[in-house]
Amino acid sequence: MNVAKYFAMGFIFMFLLTGAYLGLELMEGYSIRTTMYYGIHNLGFALIAVVFLASVIIYMVIMFPLSWLLGFIPWRRSVMTLYLLLYCVLWVAAGVWLFHQLYDPVYVKEYHLRIDTAIFIFGVMGLLYGWIEWLLIRRASIKP
């Protein structure tokens, strides 16, 4: 695998993770109307910038080594299904963890926040990330 693929996947990961966080925040956290919660109401663009910068660290520590290790697997269509499932499960786990970190149980109960939103958003982003990476791998394997 070449370096350009991992560089491109890093940017894709950063935008997908930031988008998933922003989607979760707009769908669930936007309804929290208290000064004790520092969400998009209070922090605005600074919150998005912090999440974007955190995604750089997460990509370098978790996703880059995982993608590099998975790059040694010979690619077939059946392997792609397991590959997409792995990324989907990882992203859903990250979404559930993030939901519990962001929203206190008091907020969840009082504002009727649903964890299903985090599971759906992060699951879709995981599938999208895996599909894009698979397309890049397939394109690299087809020599012009």
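This is a predicted model: local features need pLDDT of at least 70, side-chain atom pairs count only at pLDDT 80 or more; totals for chains, interfaces and linings use all residues.

Residues are numbered from 1 along each chain as its sequence is written, and side-chain values use heavy atoms, without hydrogens and water.

**Helix pair.** I looked up α1 (residues 3-27) and α3 (residues 45-70). Helices are DSSP runs (H or I, at least four residues), numbered from the N terminus. The two axes come within 8 Å and cross at roughly 130°. That makes α1 oblique to α3. Oblique is what remains after under 35 degrees (roughly parallel), over 145 (roughly antiparallel) and 65 to 115 (roughly perpendicular). Axes are lines fitted to C-alpha atoms over the stretch in contact, with angles from 0 to 180 degrees between N-to-C directions.

I then listed the contact (heavy atoms within 4.5 Å). On α1 I found residues including Tyr 6, Phe 13 and Leu 17; on α3, Val 51, Tyr 59 and Trp 68 are among them. The contact residues divide into 18 nonpolar, four polar and no charged. Nonpolar covers Ala, Val, Leu, Ile, Met, Phe, Trp, Tyr, Cys and Pro; charged covers Asp, Glu, Lys and Arg; the others, Gly among them, are polar.

**Pocket.** What lines the largest pocket? I count 17 residues, with Leu 17, Ile 58, Ala 94, Trp 97 and Leu 98 nearest its centre. A pocket is an open set of points on a 1 Å grid where a 1.4 Å probe fits, with protein on both sides within 12 Å along at least five of seven lines; lining residues have an atom within 4 Å of a point. α3 gives the largest share of the lining, eight residues. The lining has 16 nonpolar residues, one polar and no charged.

Technical notes:
Helices (H or I, at least four residues) and strands (E, at least two) are DSSP runs, numbered from the N terminus.
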